[in-house]
Amino acid sequence: MSGSARRVVARMMMGILLTVWLMGAAQAAAYEETTVTNGGTVKGTVQFSGDIPDPQRFELRRYYDRVYCGALSDGSGYRLLREVSVGEQQGLKDAVVTIEGVFKGKPFEFQETKLEANICQFVPFVSVVRNERPLSVVNLDSVAHDLQFYERDREHIFIMFHRPALTKAGTSDVVRFTGTRREVTMQCGMHPFMQGHGLAVDNPYYAVTGTEGTFAIKDLPAGTYRIKAWHPVLGEREQEVTVVENGSASVGFTFDAK
């Protein structure tokens, strides 16, 4: 065997070994369900500081189904997409709060993400997804939607991987996630103001904030963890939190206007 051939074989073997190691590491890090006794709680608030960004404006006459989709217009022929929603006490809506590095804990019952296409918008605007679990979309509208889904990995590379079509009211489609993607972006090709976002979770310790910006994550085994707050437009914040048995820890996050 020539020297170049040996080098090719060596690279192939190294690639195989790396693949096997990564698979083993992924299996070793898989979440394990167990009974949690004396678990603690992490609670807190995600807030917004500064001037709230103006919503994106889409002139309805330029797109399909302007009369139907105009049911949620501003009254002047524009459809608004508000990506940053803030409550009366500056609470930030649609932030996903996750506890990182939990490999053993309470049952992970979340099996499917469910979305609705309702008056030319995704409901909810922000949701959580789980790798190797489906995301289903049902069309409640009397108009068709041409849906585009993108996965985003930790290196922030967008990949279009699915394009289901909801042709009429009552139709639905299912997207099945594979790999280890972290974020999902959704958009209708016919109605660009129809957008949505998702964040992948790998354990059941998460929460999505409402208009008050508050969250509570319960039954967490005692320990020290990284806690993160993610918003599809404003980015991510993280800090450390320590939870003791039967205890309650408080955490606050603040996102500034960009």
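1. Hairpin E15–E16. Strands E15 and E16 form a hairpin with six residues between them. Strands here, of at least two residues (E), and helices, of at least four (H or I), are DSSP runs numbered from the N terminus. The two strands pair in the antiparallel sense over five bridges, E16 covering residues 195–200. Two strands count as paired if DSSP finds at least two bridges between them. Within this pair, Glu183 has Leu199 in E16 as its bridge partner.

2. Basis of the note. This is a predicted model, in which local features need pLDDT of at least 70 and side-chain atom pairs count only at pLDDT 80 or more, while totals for chains, interfaces and linings use all residues. Residues are numbered from 1 along each chain as its sequence is written, and side-chain values use heavy atoms, with hydrogens and water left out.

3. Overall content. The protein has two helices and 21 strands. Of its 258 residues, 39% are buried. Buried means under 20% relative accessible area, exposed means over 50%, and partly exposed lies in between, with a 1.4 Å probe and protein chains only. Among contacts with a separation of 6 or more, 66% are between residues 24 or more positions apart. A contact means heavy atoms within 4.5 Å.

4. The other neighbour of E15. Strand E11 (residues 145–152) is joined to E15 by six bridges, and the two run antiparallel. Here Leu147 has Cys188 in E15 as its bridge partner. Strand E15 spans residues 183–188, and five of its six residues are buried, so the strand is largely enclosed by the rest of the structure. As background, strands of a sheet pair through backbone hydrogen bonds, either parallel or antiparallel.

5. Cys188. Cys188 has 0% relative accessibility and therefore counts as buried.

6. The disulfide. A search of the whole structure finds one disulfide. It is formed by Cys69 and Cys120, with their sulfur atoms 2.1 Å apart; the rule asks for a pair of cysteine sulfur atoms within 2.5 Å. Cys69 lies in helix H2 (residues 66–69) and Cys120 in the loop between strand E7 (113–117) and strand E8 (122–123), so the pair ties together parts that are 51 residues apart in sequence. The torsion about the S-S bond is about -65°, so the disulfide is left-handed. Both Cys69 and Cys120 are buried.

7. The four-stranded sheet. An open sheet has four strands in the order E17-E5-E19-E20, with antiparallel pairing. Strand E17 (206–208) and E20 stand at the edges with a single partner strand each, so one side of each is left without a neighbour in the sheet. Neighbouring strands of this sheet are turned by 20° against each other on average, direction ignored. The angles are between axes, which are lines fitted to C-alpha atoms (for helices over the stretch in contact), and run from 0 to 180 degrees between N-to-C directions.

8. Pairs within that sheet. Strand E5 (residues 96–100) pairs with E19 in the antiparallel sense over five bridges, and Glu100 stands opposite Arg226 in E19. Strand E19 (residues 223–231) is also joined to strand E20 (residues 235–243), by nine bridges, and these two run antiparallel. A hairpin through three residues joins E19 to E20. His231 stands opposite Gly235 in E20.

9. Val241. Leaving aside neighbours within four places in sequence, the contacts of Val241 include Val42, Tyr225, Ile227 and Val251.

10. Rings of Phe, Tyr and Trp (its six-membered ring) pair if their centres lie within 6.5 Å; planes under 30 degrees apart count as stacked, over 60 as edge-to-face and the rest as tilted. Phe58, Tyr63 and Phe193 form one aromatic cluster. The charged end of Arg57 sits over the ring of Tyr78, 3.9 Å from its centre, and that of Arg130 over the ring of Phe108, at 3.6 Å. A charge sits over a ring if NZ of Lys or CZ of Arg is within 6 Å of the ring centre and within 35 degrees of the ring normal.
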